[in-house]
Amino acid sequence: MGTSSGVAGRVMSIRDSVSALDVLLLEDARLVSGAEVDVLQRRYELCLEGLELMARLEAQLAAVKSRQAVRAVELQEAMTPPDASVQDRTYAQMSTVEEIAGVLTLSSAVAGVFVEQSRRICSLPLVFDTLSAGDMSWQHARIVADETESLDGAGAVALVAHFFDPDAPHPARGAAPGELVPSRFRAKVRGWRERHHPESIEKRHAKGVADRRMEFSPDKDGMAWISLYLPGDTASAIWNRTTATARGLQGPDEPRTLTQLRPDIAASLLLGTGNTTQTGKSTEVGKVPAPRADVLVMVPVFSLLGQTDEPAMLDGFRPIPASMARKLVADGADSFYRVLVDPRDGAPLEIGRKNYRLTETIKRWIRMRDAKCTFPGCTNRTPDNETDHLQAWQHGGVTGASNLAQLCPRHHRLKHNSRWTPGPANNHEPPGWTSPTGRHYNPEHQDAEPIHWPPGLGLPVAPPASTVPENYYAGTGGVELHDGEPIEQALDEPEDIPVDDPLWEAFYSRPILLPPDPLKDCWKTMQPWP
């Protein structure tokens with residue numbers, strides 16, 4: 001855990017940051033009009049550099065602060081007599097937390113949470129070192145503490161290694177933790193945790209489904225909140241359908257924003273009538289032809305076949321149980337667009353087109369790859385984000401994955417009216433960006449991983465649909481041949497099969513035969529009426 005000498009080393013790093021800040025302030029004070037440099041432009045750049053240094057300094061101070069809190073608790077424990085009763089030890093710890101609360105002017109509860117988070121952060125050297133170096137904020141470190149709370153020691157170490165150790169197996173790619181806004185970092189950490197949690201997502205999801213609810217909370221100014229706790233596929237479908245319907249209502253004569261239209265539409269649908277807002281305008285949802293609101297579901301093939309319980313990914317970043325993905329496919333839900341992933345590396349299978357006019361297929365592909373607006377820090381993931389040519393068509397840009405990216409309307413306009421410049425993309429990676437002052441922001445990559453192959457099992461491929469008997473299900477039945485070998489044997493080592501081998505196309509063209517739904521009875525309880 002370190003000693004006082006370790007704290008002294010952290011303090012020296014803080015002094016270095018303060019010295020660097022002093023240099024910037026001194027340069028700013030010495031700038032005079034008539035100099036060879038553009039004074040206003042340079043002062044603008046110095047402000048940005050100063051903010052960057054201050055953010056680093058805040059993180060370094062947070063690291064020392066957390067370490068001091070942990071040391072205070074450790075010293076109090078060391079002063080407690082070895083033969084002290086459990087009650088005496090408990091009150092000694094409570095007293096220490098209250099002392100910390102008083103010093104930091106925090107409530108007892110908040111101080112207790114701070115101490116526990118500090119304990120966890122200090123117990124994870126890679127996390128603490130990153131925070132101490134100023135390479136990520138205290139908020140990022142807290143996210144790691146929160147998401148590792150229910151993991152055992154080995155699970156916590158594995159999660160931290162994935163995001164903070166470049167030499168770990170299948171490390172996180174793209175932007176480093178501190179380069180992601182906290183909400184996006186939490187989404188990535190939570191996604192990894194869901195896939196690697198020791199308790200299967202099926203069991204945890206079943207508990208969550210049983211706990212579904214609607215909550216009402218009064219607010220100020222005569223307003224109130226309504227919230228729904230639902231399975232992820234249902235919630236995504238509601239959000240995307242509401243957004244698509246709101247877009248359909250917008251026009252020259254519609255004064256409401258998209259944000260205002262969503263709740264008006266939801267209220268109208270729930271109450272069963274046109275909902276008149278304070279502006280006096282009625283939301284006649286029934287008369288609006290609602291566009292189809294697709295929800296992308298990336299499904300590992302063996303999960304779909306029922307041979308593993310590996311989670312699927314909903315709209316690119318939210319893990320859902322394999323049973324939910326199978327249910328969406330089996331029910332033929334027309335608002336859910338199934339995407340199978342490559343068994344070799346977990347990346348989505350490419351859907352390519354080469355023409356100027358973007359087809360729905362390639363738009364879905366870019367949305368699947370990017371998951372949200374690709375602009376640095378943007379979290380907009382609505383399905384009506386725009387697919388933009390990174391290099392304009394009229395300037396030689398091609399219509400392909402390497403020259404397309406998802407942008408929200410706001411950042412699409414900014415791109416065309418400023419010097420923010422996107423970098424190149426590729427089939428599986430969105431573009432990075434360069435700011436007008438030359439700062440480069442790495443792209444946020446999704447955490448694709450090789451899918452789980454059932455132990456000792458090849459890849460059973462279903463026979464043609466016309467020959468499938470009624471009692472046939474995935475995992476048994478006819479076998480196709482590949483170079484004289486059964487496909488099960490040929491795919492025992494998928495990494496040895498070339499990408500352009502016709503075997504892959506043959507496999508993915510086969511009908512998908514689904515296993516029984518283990519949560520079938522659970523889904524029935526969600527129906528509001530017989």
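Reader: What share of the contacts with a separation of 6 or more joins residues 24 or more positions apart?

Author: In this protein, residues 24 or more positions apart account for 60% of those contacts. Please keep in mind that the model is predicted.

Reader: And how many helices and strands does the protein have?

Author: There are 18 helices and 15 strands. Of the 530 residues in the protein, 41% are buried.

Reader: Let's turn to the nonpolar core. Which residues of the largest one touch the most other members?

Author: They are Ile121, Val127, Leu131, Val144, Phe164 and Phe185, in a core of 35 residues. Seven named helices each supply at least two residues of this core: H2 (39–79), H3 (86–104), H4 (108–122), H5 (125–132), H6 (138–147), H7 (153–164) and H8 (182–196).

Reader: Which helix gives the largest share?

Author: Helix H2 does, with 6 residues of the core. As background, nonpolar side chains tend to be buried together in soluble globular proteins.

Reader: Can we pick out Val144? What is Val144 in contact with, neighbours within four places in sequence aside?

Author: Val144 is in contact with Leu124, Val127, Leu159, Val160, Phe164 and Phe185. Among these partners, Val127, Phe164 and Phe185 also belong to the group that touches the most other core members.

Reader: Back to H2. At what angle do H2 and H3 pack?

Author: The angle is about 150°, and the two axes are 9 Å apart. The crossing of H2 and H3 is right-handed.

Reader: Which residues meet there?

Author: From H2 come Lys65, Ala69, Ala72, Val73, Gln76 and Glu77, and from H3 come Ala92, Gln93, Thr96, Ile100 and Leu104. By type, the residues of this contact are 6 nonpolar, 3 polar and 2 charged.

Reader: Where does Leu75 lie, and is Leu75 buried or partly exposed?

Author: Leu75 lies in helix H2. With a relative accessible area of 46%, Leu75 is partly exposed.

Reader: New topic: how many salt bridges does the structure hold?

Author: The structure holds 24 salt bridges. One of them joins the side chains of Arg119 and Glu77, at 3.4 Å from N to O. Arg119 belongs to helix H4 and Glu77 to helix H2, so this pair ties together parts that are 42 residues apart in sequence.

Reader: Are Arg119 and Glu77 buried or partly exposed?

Author: Arg119 is partly exposed at 30% relative accessibility, and Glu77 is partly exposed at 33%.

Reader: Which residue forms a salt bridge with Arg173?

Author: The partner is Glu429, and the closest N and O atoms are 2.9 Å apart. This pair links distant parts of the chain, 256 residues apart: Arg173 is in the loop between H7 and H8, while Glu429 is in the loop between strand S11 (421–422) and strand S12 (433–434). Arg173 counts as partly exposed at 33% relative accessibility, as does Glu429 at 25%.

Reader: What about Lys415 and Asp388: how far apart are their closest N and O atoms?

Author: Those atoms are 3.0 Å apart in the salt bridge of Lys415 with Asp388. Lys415 is in helix H15 (residues 409–416) and Asp388 in strand S9 (residues 386–389), so the bridge ties together parts 27 residues apart in sequence. Lys415 counts as buried because its relative accessibility is 10%, and Asp388 counts as buried because its value is 7%.

Reader: Where is Thr399 found?

Author: Thr399 is in the loop between S9 and strand S10 (404–407). Thr399 is buried, with a relative accessible area of 6%. Between Thr399 and Asp388 the C-alpha distance is 9.6 Å, at 11 residues apart in sequence.

Reader: One last thing: what is phi of Thr105?

Author: Phi of Thr105 is near 55°, a positive value in a residue other than glycine. Most residues other than glycine have a negative phi. Thr105 is placed in the loop between H3 and H4 and is exposed, with a relative accessible area of 71%. Asp221, which is not a glycine, has a positive phi of about 60°. Asp221 lies in the loop between strand S1 (213–218) and strand S2 (224–229), and counts as exposed at 71% relative accessibility.

Technical notes:
Residues numbered from 1 in each chain as written. Predicted model: local features only at pLDDT ≥ 70, side-chain atom pairs only at ≥ 80, totals over all residues. Heavy atoms only, no water. Core = buried A, V, L, I, M, F, W, Y, C linked by side-chain atoms within 4.5 Å. Buried < 20%, exposed > 50% of the residue type's maximum accessible area, 1.4 Å probe, protein only. Helix = DSSP H or I, 4+ residues; strand = E, 2+ residues; numbered from the N terminus. Contact = heavy atoms within 4.5 Å. Axes fitted to C-alpha atoms, helices over the stretch in contact; angles between N-to-C directions. Left-handed = near helix turned anticlockwise from the far one by under 90°. Nonpolar A, V, L, I, M, F, W, Y, C, P; charged D, E, K, R; others polar. Salt bridge = Lys/Arg side-chain N within 4 Å of Asp/Glu carboxyl O.
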